[in-house]
Each structure stands twice: as C-alpha cells, then as structure tokens.
Amino acid sequence: MKLKTLILDYAQIVIGSFVGALSLTMFLVPNKLAAGGISGIATVLHYVFELPVGWTMLVLNIPLFLAGVAFLGKSVGIKTLVGSLLFSFFTEITESFPVPTQDLILSTVYGGVVLGLGLGLVFRGRGSTGGTDLAASIIQHYFKHLPVGRMMMALDAVIITMGVFIFGPVKAMYAIIS
C-alpha cells in the first residue's frame, strides 16, 4: 500500500509540474504576466535581462530549498527537490510550444487556471515546486501566528508590484486576476 501511495504522489508531482510549466510557457510568460511566485520573478528577469525562465526559477529555488531543509527538516527535501527540478525543466523544454493567444483576458484566465491545476496536483502529491510556498513555510516556522496562505499572498503581491515597474499597471492588474 505504501509503494502505491508513493508512486501516485510522484506521478501527481510529475504531471502537475508539466501542466504548471505549460501555463507559464503558453499563457503567462509570452504575455508578460508576472503572476507572483518564483515564476513571476523569473518572468520579470526574463524580460529585463533575457534570462531563461526555467533555469532562473531553478537558481532562485536553490537557496529556498537549502533553507527549507535546514529550517523545516529533511521531510521537505525529496518531493520539493523533484518538484522544483521538474517544474524548471518542463518550463525550459516547453518554451517553444505554440502560444495559443495574445488576448490578455484569455491568457490571464487560462494561465491562472492551468497553473492552479498543475500546482494543485503537485500539492496533492504532497510535493512543492519551491517558490513562495516554501518561503512562506520558512517564515511561518519563526512567526507561528502568521498563516502560510497570507504570507504567500503578501509575497506574491510584492512580486506583482515588481511587474508594475517592468510591464506597467495594466499587465499587473491582469496578473492579479491570474
């Protein structure tokens, strides 16, 4: 029974990472929607410095992963490592997939829904792709009265605000919807 659960968990992490990557490469990044998280920071850095989104996410996640293991324990480890690596890898290999629309409303809605579906699968497999959920968990380790969800929203708000200065207020408003 335990092996079956473990296989199911990893299958969800793999599929969820792929689906999440599709949302970035087909809807969010090409339409300059920095919708929060490490992927939002990577999107901003992509347009400012022409850095690859997937590899930038991976580099930004390394210190978060190391801090997560140090502060939250080894239980954070393997599934977060797998989720972070796969999400970055799949983002890189799907970057040449066709972009179905340049319409900001459609990109916002589909990007948000598809990313939510992908991350939901990863979380359901008891995994993580690193990013703001890991950062929020580390902060919550020291400030127990602060809920992880609120901290994630606050971190994402900071990242979307960065997008205001790079992509303008209209794109940031769409990113909030996403």
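How much space lies in the largest pocket? I put this first in the notebook. I am working from a predicted model. For the largest pocket I get about 530 Å³ of space.

**Entry: the pocket lining**

I listed the lining next. The largest pocket has 26 lining residues. Nearest its centre I find Ala35, Gly37, Leu115, Leu119 and Asp156.

**Entry: the cavity**

I searched the whole structure for cavities of 30 Å³ or more and found 1. The largest cavity holds about 30 Å³ of space. Which residues line the largest cavity? I noted Leu24, Leu28, Leu33, Ala34 and Ala35, then Gly36, Ser39, Gly40, Thr43 and Leu115. Two or more of the lining residues come from each of α1 (2-28) and α2. The largest share is that of α2, with 3 residues. By class, I count 6 nonpolar and 4 polar residues in the cavity lining, and no charged ones.

I cross-checked the two lists. Ala35 and Leu115 are among the residues nearest the centre of the largest pocket. Ala35 and Leu115 also line the largest cavity.

**Entry: α6 against α7**

I moved to helix packing. At what angle do the axes of α6 and α7 cross? I read roughly 125°, with the axes coming within 9 Å. Angles from 65 to 115 degrees count as roughly perpendicular and those over 145 as roughly antiparallel, so α6 is oblique to α7. The crossing of α6 and α7 is right-handed.

I wrote down the contact residues. From α6 come Thr132, Asp133, Ala135, Ala136, Ser137, Ile139 and Gln140. They meet Val148, Met151, Met152, Leu155, Asp156 and Ile159 of α7. This contact divides into 8 nonpolar, 3 polar and 2 charged residues.

**Entry: α5 against α8**

I looked up α5 and α8 next. Their axes lie 8 Å apart, and the helices pack at an angle of about 35°. I recorded the crossing of α5 and α8 as right-handed. In α5 the contact uses Leu104, Ile105 and Thr108. Facing them in α8 are Lys171, Tyr174 and Ile177. I sorted this contact into 4 nonpolar residues, 1 polar and 1 charged.

**Entry: α1 against α4**

My last pair was α1 and helix α4 (residues 77-93). I have an angle of about 35° here, with the axes 8 Å apart. Is the crossing of α1 and α4 left-handed or right-handed? It is right-handed.

α1 brings Leu6, Asp9, Tyr10, Ile13, Val14, Ser17, Phe18, Gly20, Ala21, Leu24 and Thr25 to the contact. α4 brings Ile78, Lys79, Val82, Gly83, Leu86, Phe87, Phe90 and Thr91. I sorted the residues of this contact into 12 nonpolar, 5 polar and 2 charged. Leu24, which meets α4 from α1, is also one of the residues lining the largest cavity.

Methods:
Residues are numbered from 1 along each chain as its sequence is written. This is a predicted model: local features need pLDDT of at least 70, side-chain atom pairs count only at pLDDT 80 or more; totals for chains, interfaces and linings use all residues. Side-chain values use heavy atoms; hydrogens and water are left out. On a 1 Å grid over the protein atoms alone, a cavity is a set of points where a 1.4 Å probe fits but cannot get out, and a pocket is an open set with protein on both sides within 12 Å along at least five of seven lines; lining residues have an atom within 4 Å of a point. Grid points are joined across faces, edges and corners, and a volume is the space filled by probe spheres set on the points. Axes are lines fitted to C-alpha atoms, for helices over the stretch in contact, and angles run from 0 to 180 degrees between N-to-C directions. Helices (H or I, at least four residues) and strands (E, at least two) are DSSP runs, numbered from the N terminus. Angles under 35 degrees count as roughly parallel, over 145 as roughly antiparallel, 65 to 115 as roughly perpendicular and the rest as oblique. A crossing is left-handed if the near helix is turned anticlockwise from the far one by less than a right angle, and right-handed if clockwise. Contact means heavy atoms within 4.5 Å. Ala, Val, Leu, Ile, Met, Phe, Trp, Tyr, Cys and Pro count as nonpolar, Asp, Glu, Lys and Arg as charged, and the others, Gly among them, as polar.
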